[in-house]
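User: Please walk me through this structure. I want to know what each label rests on.

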Amino acid sequence: MAKPVNIADIATIIRSKNAKPFLFTMDIFFDNLEHYEKAVKSGVINKKLIAGMYQLEDEEKVEIYNFAQAWAIKITIPRAVASGGIGDTDIYGAQQHAPLYSLKIPI
Amino acid sequence: MDEIRILTPNGSIGSGFPEELFAEGMKRNPQAIAVDAGSTDPGPYFLGKGLSISNKRMIKRDLEILLLARDKNNIPLLVGSACGPGTRSTLEWTVNIVKEIAREKNLHFKLATIPGDISKEFLKNALKQGKVRTFESAKALTVEEVDRTANIVAQMGVEPFIEALKSKPDVIIAGRAYDPAMMAALPIMHGFDEALAEHMGKILECGSMAAEPSSGFEPILGTIRKGYFLVEPMNPKSKCTPKSVADHSLYEECNPFKAGLPGGSLDLSQTIFEQTGRMTRVSGTKFVKDTYTLKVEGAAKVGYRTVFISGVRDPIMISQIDYLIDEVTKNTKAFFRDVAEDFQILFHIYGKNGVLGKAEYIKDVKPFELGLIGEVVAKTQELASTICGYLSHLSMHLDYPGCKATAGNLAMLYSPENIDAGEVFEFNIYHLVEVESPIALFPISFEEI
């Protein structure tokens with residue numbers, strides 16, 4: 001029986017950064033291929049969940065890529081405010097990954 | 001020519017790199033030194049103002065080492081997006097530093113400069129002809145938007161660099177450029193595979209970030225041959241592994257399998273990364289040709305900012321923070337209602353949701369301390385300053401339910417407490433423009449130094 005574990009326990013890197021001024025991109029690198037594959041197969045990380053997590057109205061704007069060579073899942077979302085615009089709170093987008101720590105992956 | 005070796009000192013000049021590691025790279029007899037010098041990452045201010053993102057002392061330090069090394073080995077130095085937003089003003093600023101170094105070190109060379117600025121007329125014409133594409137900003141460009149822009153640049157591709165290289169310059173300093181273009185130009189000029197050359201450029205342009213351990217402040221060598229390229233960090237304690245190089249494909253990219261560039265895109269879905277000693281061998285990357293487009297970037301002024309920075313430690317005040325913010329905002333807006341259209345009030349509450357805002361998912365904590373930043377953005381600095389003064393004073397003294405600390409609500413950090421932060425810009429142009437010629441917009445000029 002698969003039991004849910006905190007994503008931080010099976011990820012070596014969880015990070016975010018601007019992908020140019022209008023997008024945030026988040027990368028989760030898993031500690032091995034098996035955990036990566038289980039995370040992908042679980043479907044925990046999906047457009048609907050990410051849209052809810054980041055309060056995005058249109059879940060079709062969420063992009064998710066599974067990148068086996070790097071044992072990584074990439075998530076790209078639009079910024080509410082472009083980098084450095086009025087109301088932006090994270091110019092480089094370096095702290096937007098934090099909500100991902102709340103994810104649990106069944107392994 | 002069987003191979004071309006390109007040495008890149010770091011991810012961006014002005015951030016520094018260890019001289020001894022760079023000297024190690026020069027021992028490999030690279031045919032060119034290529035480096036990026038800019039970014040949109042620090043935000044729209046630098047493009048709006050036309051100012052460098054780095055300080056002169058740092059740029060001069062890095063450039064001096066590169067100019068001396070290029071002189072000794074008699075190879076070209078290619079610098080792109082000089083220095084920061086890559087506007088004509090920052091390009092000239094960089095060229096002045098280059099000339100200053102040449103005078104001080106008695107260096108002589110043929111200098112090529114390639115500005116990357118785009119005129120408003122050109123862009124408005126392109127708009128009329130339906131040649132402007134909307135993409136990541138998801139907002140169509142208008143003539144009015146172009147008109148209110150302070151500075152506009154376009155990311156040049158490899159072609160202007162190749163055009164310049166034909167005249168055998170020793171140093172090329174370019175305005176805004178696609179980051180990998182400086183590294184890819186010489187290999188493409190000599191007939192090496194375009195996809196591999198651009199992919200190699202994408203890895204090199206971040207310095208040794210694709211190595212393990214990762215460092216954007218250390219040199220990296222790229223060697224391109226027929227059918228593949230090799231990347232090797234110059235720090236002997238680091239290596240490029242298939243995993244570290246594959247990992248880097250994700251960095252600051254929205255899609256790890258496809259990267260748009262002038263003239264098409266790179267398809268990385270079939271790329272193969274293999275270990276060869278301390279190097280990684282990369283092959284299989286494909287180039288998908290498309291209509292030639294340039295990425296155009298612009299920033300416009302939206303006002304002037306004044307802020308105050310304070311802390312809250314009183315537990316009752318902390319519990320009433322939302323009440324306080326609502327009340328002072330309402331009251332300030334009412335007081336300045338005659339100029340209601342000319343300003344905005346923002347609060348940032350660190351310890352509550354200062355970073356994530358609406359996306360903050362931890363809601364049930366009781367912080368013992370909050371950082372409170374009040375911000376006013378207004379049409380003039382004088383107005384921002386005036387309103388922020390009113391706002392901070394009110395925030396300091398407003399009565400709230402249960403208040404016992406009647407002498408003041410905030411621990412103000414600085415005197416003066418209201419800090420004028422100057423002009424505020426926003427990225428208002430971030431679009432693709434179809435062009436017939438990859439070089440026509442980028443006039444090259446030469447000068448003997």
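Analyst: Start with contact: two residues are in contact if their C-beta atoms, placed from the backbone, lie within 7 Å. This is a predicted model, in which local features need pLDDT of at least 70, side-chain atom pairs count only at pLDDT 80 or more, and totals for chains, interfaces and linings use all residues. Residues are numbered from 1 along each chain as its sequence is written, while chains are lettered from A and ligands numbered from 1 in the order in which they are written.

User: Which residues does B:Val79 touch, not counting residues up to four places away in sequence?

Analyst: B:Val79 touches B:Ile13, B:Val35, B:Ala37, B:Ile172, B:Ile173, B:Ala174 and B:Met182.

User: What makes B:Ser81 buried or exposed?

Analyst: The count of other C-beta atoms within 10 Å decides: 20 or more is buried, 12 or fewer exposed, anything in between partly exposed. B:Ser81 has 33, so it is buried. Its place is the loop between β3 (77-80) and α4 (88-105) of chain B. Beyond its neighbours within four places, B:Ser81 is in contact with B:Asp36, B:Ala37, B:Gly38, B:Gly86, B:Arg176 and B:Ala177. B:Asp179 is 98 residues from B:Ser81 in sequence, yet their C-alpha atoms are 7.8 Å apart.

User: And B:Arg28: why does it count as buried or exposed?

Analyst: B:Arg28 has 12 C-beta neighbours inside 10 Å, so it counts as exposed. The loop between α1 (19-26) and β2 (32-36) of chain B holds B:Arg28. Leaving out residues up to four places away, B:Arg28 touches B:Arg5 and B:Leu221.

User: What makes up the largest nonpolar core?

Analyst: A nonpolar core is a set of buried Ala, Val, Leu, Ile, Met, Phe, Trp, Tyr and Cys residues, joined through C-beta atoms within 7 Å. The largest one has 142 residues. B:Val79, B:Phe161, B:Ile172, B:Met182, B:Ala185, B:Met200 and B:Val231 touch the most other members. Strand β15 (residues 293-312) of chain B gives the largest share of this core, 8 residues. Across chain B, buried residues make up 48% of 449.

User: How many helices and strands are there in chain A?

Analyst: Helices (H or I, at least four residues) and strands (E, at least two) are DSSP runs, numbered from the N terminus. Chain A has 3 helices and 6 strands. Their order from the N terminus is β-α-β-β-α-α-β-β-β. Chain B comes to 13 helices and 20 strands.

User: How do β2(A) and β3(A) run, and how many bridges join them?

Analyst: Strands pair if DSSP finds at least two bridges between them. β2(A) and β3(A) have 7 and run antiparallel. A:Ser16 has A:Met26 in β3(A) as its bridge partner. The hairpin has 4 residues between the strands, and A:Lys20 takes a positive phi near 70° there.

User: Why does the radius of gyration of chain A agree with a compact globule?

Analyst: The radius is taken over C-alpha atoms, and the globule rule is 2.2 Å times the number of residues to the power 0.38. For 107 residues a compact globule would have a radius near 13 Å; chain A has 14 Å, which agrees.

User: How many residues of chain A are in contact with chain B?

Analyst: 36 residues of chain A are in contact with 37 residues of chain B. β2 (11-18), β3 (23-30), β4 (63-67) and β5 (72-78) of chain A each give two or more residues to that side.
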